[in-house]
Amino acid sequence: MSEPTACAARCPHDDAYCDNCDRLVGLPGVHVIDVDRRPAGLVVEVESPPAVMGCPTCGVVARSHGRRTVTLVDIPCFGAPTRVRWRKRTWTCPEPSCPVGAFTEQDTGIANPRAMLTTRACRWATEQVRREHASIAGLARQLATTWRTVWTSIEPILARAAADESRFTGVTTLGVDEHLWHHVSPRKRGPKELTGMVDLTRDKDGRVRARLLDLVPGRSGTVYKTWLDQRGKTFKQRVEVATLDPFRGYKNAIDDKLADATAVLDAFHVVALAGRAVDEVRRRVQQEIHGHRGRSGDPLYGIRNILRCAAERLTDKQHARLAAAIAADERHDAVHIAWQCAQRVRAAYAHPDPARGRELAEQVVATFPTCPIPEIARLGRTFKQWKDAFLAYFETGRASNGGTEAVNGLIELHRRIARGFRNRENYRLRMLLVGGGLTLDPPQV
């Protein structure tokens with residue numbers, strides 16, 4: 001190139017900063033004065049422009065006291081780890097009566113006081129965990145620093161967001177579920193079970209945007225009640241629908257603390273109960289006929305997967321296999337009847353008209369308890385005990401705990417990515433981040 005670029009022409013001057021370099025680095029309030037490419041990565045040196053500074057305590061114009069260079073970890077740039085060397089200005093107050101001696105330049109837009117990462121690096125790290133499913137160890141490798149440096153930099157941000165009670169506003173549909181957060185001895189890490197609360201409120205388009213609200217130790221109605229009491233009266237009055245799995249402890253908590261809300265039994269778990277009853281009938285009949293568990297070549301064992309499918313999804317070949325297995329022995333009729341009962345439960349949920357679906361569900365509640373097959377009769381008694389919550393599905397716009405299960409899937413994914421957790425509070429903050437339960441500033445890169 002015969003002529004230098006504008007940037008090359010301006011950079012050598014000592015009396016001016018390069019706008020192009022400042023724009024490329026993108027740190028507000030400071031100017032780039034040097035860039036060095038080293039084997040370990042990029043080093044960008046910045047400083048603020050000269051300005052009159054008043055004492056933060058008394059307001060008297062301060063005197064310059066030199067500079068203090070602080071090295072900060074910044075986001076990776078051009079495929080290399082980056083360090084920002086910020087030449088901070090220092091001043092002294094000339095007022096003898098002022099308690100302030102010397103003070104140093106601070107700018108939270110660049111980094112918080114005593115921070116190790118720049119502000120934008122913290123935002124970038126939280127977004128990488130939240131959106132890209134990154135691990136803290138992986139981010140540390142990209143930033144060429146340690147796990148502890150990254151986590152201690154973003155943990156206060158997450159803790160501050162988690163303590164913000166405003167994130168609980170606007171919740172009208174509340175889901176609850178439990179999961180295991182570790183698989184070691186409870187004496188080392190406390191209870192294995194955590195109860196998770198999820199916001200299942202629909203948006204203006206009627207779609208559920210599930211977000212994790214909290215994770216608390218334990219799995220009981222008392223745990224759920226305590227959490228609801230901590231949210232306050234206004235929160236409890238706003239909840240209109242409360243979805244749950246068939247666990248009596250959570251149902252008691254909803255009845256006690258969310259008296260105005262409609263409890264809805266999750267459709268997936270109801271259908272799973274029906275499918276489990278079919279499996280139990282098949283195993284019992286198998287034992288009665290053959291005296292052993294299912295083996296290859298046994299008719300009932302050969303259709304075990306077909307019995308778990310919806311009837312409308314079976315192919316002609318599968319229908320033929322099912323009919324042949326049932327016809328092989330008249331005692332197999334009990335299995336066929338149980339499968340048909342499970343299909344009736346499926347049909348109630350799958351019906352496009354909620355009113356007609358409710359009628360089918362009411363028939364299930366009315367007829368199953370008197371079924372001569374003991375497993376189906378027990379299933380019918382369960383439905384009868386949960387009748388109101390079972391039928392509420394058809395009156396609440398098909399509310400379910402599906403969004404809660406989706407959040408649990410994210411939690412399990414990140415637990416595997418992190419290779420497990422030892423600190424429950426770190427676990428809670430990480431999962432609130434990935435579960436959408438925290439309101440954070442957008443990344444500014």
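User: How many aromatic pairs does the count come to?
Analyst: This is a predicted model, in which local features need pLDDT of at least 70 and side-chain atom pairs count only at pLDDT 80 or more, while totals for chains, interfaces and linings use all residues. Residues are numbered from 1 along each chain as its sequence is written, and side-chain values use heavy atoms, with hydrogens and water left out. Rings of Phe, Tyr and Trp (its six-membered ring) pair if their centres lie within 6.5 Å; planes under 30 degrees apart count as stacked, over 60 as edge-to-face and the rest as tilted. By this rule, the count of aromatic pairs is 15.

User: Why is the pair of Trp 181 and Tyr 427 given the class it has, and which class is that?
Analyst: A pair of aromatic rings is described by the distance of the centres and the angle of the planes. Here the ring centres of Trp 181 and Tyr 427 are 5.5 Å apart and the planes stand at 50°, so the pair is tilted.

User: How many residues apart are Trp 181 and Tyr 427?
Analyst: Helices (H or I, at least four residues) and strands (E, at least two) are DSSP runs, numbered from the N terminus. Trp 181 sits in the loop between strand S6 (173-180) and helix H6 (186-189), while Tyr 427 belongs to helix H18 (residues 424-434). The pair thus links distant parts of the chain, and the separation is 246 residues.

User: Are Trp 181 and Tyr 427 buried or exposed?
Analyst: Buried means under 20% relative accessible area, exposed over 50%, and partly exposed in between (1.4 Å probe, protein chains only). Trp 181 has a relative accessible area of 1%. Tyr 427 has 0%, so both Trp 181 and Tyr 427 are buried.

User: What kind of pair do Tyr 393 and Phe 394 form?
Analyst: Tyr 393 is buried at 9% relative accessibility, and Phe 394 is buried at 8%. Their ring centres lie 5.1 Å apart with planes at 90°, so the pair is edge-to-face.

User: Which side chain makes a polar contact with the side chain of Arg 428?
Analyst: Arg 428 is found in helix H18 and is buried, with a relative accessible area of 17%. A polar contact is a pair of N or O atoms within 3.5 Å; within protein, one must be able to donate a hydrogen and the other to accept it, and residues adjacent in sequence count only if both atoms are side-chain atoms. At 2.8 Å, the partner of the Arg 428 side chain is that of Asp 214.
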